[in-house]
Amino acid sequence: MIIVTYVKHVPDAEARLSTEGGRIAVDGASFALDGMDEYGVEQAVRWKEAGIAREVVAVALGPAAAETALRTALALGADRAVLIETDDDLDPVAQATPLADAVRRAGADVLFVGGKQADWDSAALGPAVAEALGWPLCDWAIELRVEGTTLEAVHDVDDGVEAWSAPLPAVVTTQQGLNEPRYPTLPNIMKAKRKPFEHVALAGVAARTSTLAAALPSRARRGVRLEGDPAAVAADLVRRLRDEAKAL
Amino acid sequence: MDFALSDELLELQQAVRAFARREIAPVAAALDRDPRFPWPTLRRMGEMGLLGVLTPEAYGGLGLGHLAYAVLLEEVAAADASHATIASVTNGLPQAMILRHGTEVQRRRWLPRLASGEWIGAFCLTEAHAGSDAAALRTRAVPVDGGYRLRGSKAWITSGGEAHLYLVLARTDPTTEAGARGITAFVVERDAPGLSFGAPERKLGQHAAITAGAVLDDVFVPSDQRLGAEGQGFVLAMDALDGGRVGIAAQALGIGRAALDAALAHAGERRAFGRPIREFQGVAFRLADVALRLDAARLLTHRAAWALDRAARATKEAAMAKLAASEASVDACDAAIQVLGAYGYSADYPVERYWRDARVTTIYEGTSEIQRVVIARQLHREHGRSVPEPVT
């Protein structure tokens, strides 16, 4: 089995972002491999270690700087990396075509994609690539098993979890709970520099959406002050926390 | 001249920072209260590569230089000083000495186990009466058929009783005239009959870096476990000390940085007289001075490490780095306690632990006073070289 595991290069969780001229300013922010994609890399590497997978290919689509995320995937155990290089902002549907091409070129049986991407929080890429490949999609997987040529999974659905199975090939979107991703160790970070790394120029794909403006969500607080009889205020507070804020 | 760390080193630093924050920092307070040698986290440090940083890849280490070693050890120390002390000893003393002075057979025998962290290494130089004056050591190594018998006691052994391998300095020539030239280095494994350890010392700080005395009661050491020639031991030990001092400097910087971070966080949040206390110059100037001293010490430390990557010795540079970093670190911790006020004095906050952990950095691996002696001696040597002999 050959696995392609998609990795996205996103500002790390501690990065402070701002907007400038209607665009997100990311200069100075440190970038990292998207946390949701790490579960896919981990799963692929575990299957390689267990002899289920023959090769793990990490694929990214984005600017030259996305090399960092791919190097992390190599340090975590992927065998080789492919960077489809572009500086354009492509929406997930536009990204699906070149990504599907890369999956076919690698001769992959499984594609792992993070359940959603941390930059725009869209959960569209996995379904879009599955559509482009014509493969079945298992989204939000929390358990995975290969039985012969069948992929068996347990995945989250709106009202609980569901058992899922389909013949390979398939696209799987990954999330917390699937496994516990390992750390890149220093020896593996150093070895990653010696693994094959392929740069592919993006061609023939145009963005079908464009960003008109970007703004940070405002964080105005409602600042409700409850006054009056302490017992009544306490009861009101509990009601608000339970029924409105859903915090209880 | 370039003050930036290489991209590769920055990447390793980030990886170790994330590792140390997630794995080491969360256990530091509990290990301080209930001291135990931190085997579970040391195992993970071994997998990470942190217990064989300087040892070449051929022997299972990372094969990095002293600059990388200093940068990575600072990250460990910023999470917990005890872990940094254990790592500093096993990396910088037994491994560095076996690598430099061991035979190929000795390197293959011990380095892979030490570099992977399967074994922890310790260093036995100090004795109860011989600290700064290490050459006054009295432990004897008497030649016998096939090897030596070691008899004596060692004090303040980091990882004593826990480590698997002890690099022991003992006297093969007891005559007074032999002095430091009568000392020889040996590798003693933990299960050697006659080797025993005292109860862990009760210390001000660094509680998880277990320290104990060792007793060598007629311990037989085969000849193939002698490191270097007879009488060379003291030179070998002094040779390793430059690297050891860079390690302690880096450790001190890490503790000092943790203290500064805690003080900055508190000074931004804590309000008094209607404003965050960082807006008062009394607090702001103190923190500015702390940052200045830590940064200056970091530059000295990186320079000493850089020099050691280019030459076998960098004695003055290493002594300056160790002196500056350890004293800046204690000062940073003291400032952090003052900025946090009563919270700084409370064991529920980490800064009093930082101070207790940092305090020994001005004592071990050569006290501040010894560092000044070393610096002054080097100054006179260099001065002598540049000044022509007086004409008589």
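Q: Which residues make the nonpolar surface patch of about 390 Å²?

A: In this predicted model, the patch is made by A:L17, A:I24, A:W120 and A:L216.

Q: Where is the place of A:L216 in chain A, and how does A:L216 count by relative accessibility?

A: A:L216 lies in the loop between β13 (197-201) and α6 (230-244) of chain A. Residues between the buried class, under 20%, and the exposed class, over 50%, are called partly exposed. A:L216 has 46% relative accessibility and therefore counts as partly exposed.

Q: How many helices and strands are there in chain A, and what box do its C-alpha atoms fill?

A: Chain A has six helices and 13 strands. Taken along the principal axes, its C-alpha atoms fill a box of roughly 70 × 45 × 40 Å.

Q: What share of chain A is made up of buried residues, and what is its accessible surface?

A: Of the 248 residues in chain A, 41% are buried. The accessible surface of the chain comes to about 13,300 Å², and carbon and sulfur atoms hold 50% of that area.

Q: What part of the contacts in chain A comes from residues 24 or more positions apart?

A: Among contacts with a separation of 6 or more, such residues account for 69% in chain A.

Q: How are two packed helices described, and at what angle do α3 and α7 of chain B pack?

A: Two packed helices are described by the angle between their axes and by the distance between those axes. In chain B, helix α3 (residues 66-79) packs with helix α7 (residues 281-308) at an angle of about 145 degrees, and the axes are 7 Å apart.

Q: Which residues meet in this helix pair?

A: From α3(B), the residues are B:H66, B:L67, B:A70, B:V71 and B:E74; they meet B:R298, B:T301, B:H302, B:A305 and B:L308 of α7(B). The residues of this contact comprise five nonpolar, three polar and two charged.

Q: Is B:A84 buried or exposed, and which residues does B:A84 touch?

A: A residue under 20% relative accessible area is termed buried. B:A84, in helix α4 (residues 81-101) of chain B, is at 0% and so counts as buried. Leaving aside residues up to four places away in sequence, B:A84 touches B:L73, B:V76, B:A77 and B:Q251. The C-alpha atoms of B:A84 and B:Q206 are separated by 9.6 Å, although these residues are 122 residues apart along the chain.

Q: Why does B:Q378 count as buried?

A: B:Q378 counts as buried because its relative accessibility is 15%. This residue is found in helix α11 (residues 368-386) of chain B. Apart from residues up to four places away in sequence, B:Q378 touches B:T315 and B:K316.

Notes: Residues are numbered from 1 along each chain as its sequence is written. Chains are lettered from A and ligands numbered from 1 in the order in which they are written. This is a predicted model: local features need pLDDT of at least 70, side-chain atom pairs count only at pLDDT 80 or more; totals for chains, interfaces and linings use all residues. Side-chain values use heavy atoms; hydrogens and water are left out. Axes are lines fitted to C-alpha atoms, for helices over the stretch in contact, and angles run from 0 to 180 degrees between N-to-C directions. Helices (H or I, at least four residues) and strands (E, at least two) are DSSP runs, numbered from the N terminus. Contact means heavy atoms within 4.5 Å. Ala, Val, Leu, Ile, Met, Phe, Trp, Tyr, Cys and Pro count as nonpolar, Asp, Glu, Lys and Arg as charged, and the others, Gly among them, as polar. Patches are made of residues with over 30% relative accessible area and no salt bridge: like charges are joined within 9 Å, nonpolar side chains (Val, Leu, Ile, Met, Phe, Trp, Tyr) within 5 Å. Accessible areas come from the Shrake-Rupley method with a 1.4 Å probe; for residues, only the protein chains shown count as cover. A salt bridge is a side-chain nitrogen of Lys or Arg within 4 Å of a carboxyl oxygen of Asp or Glu. Buried means under 20% relative accessible area, exposed over 50%, partly exposed in between (1.4 Å probe, protein chains only).
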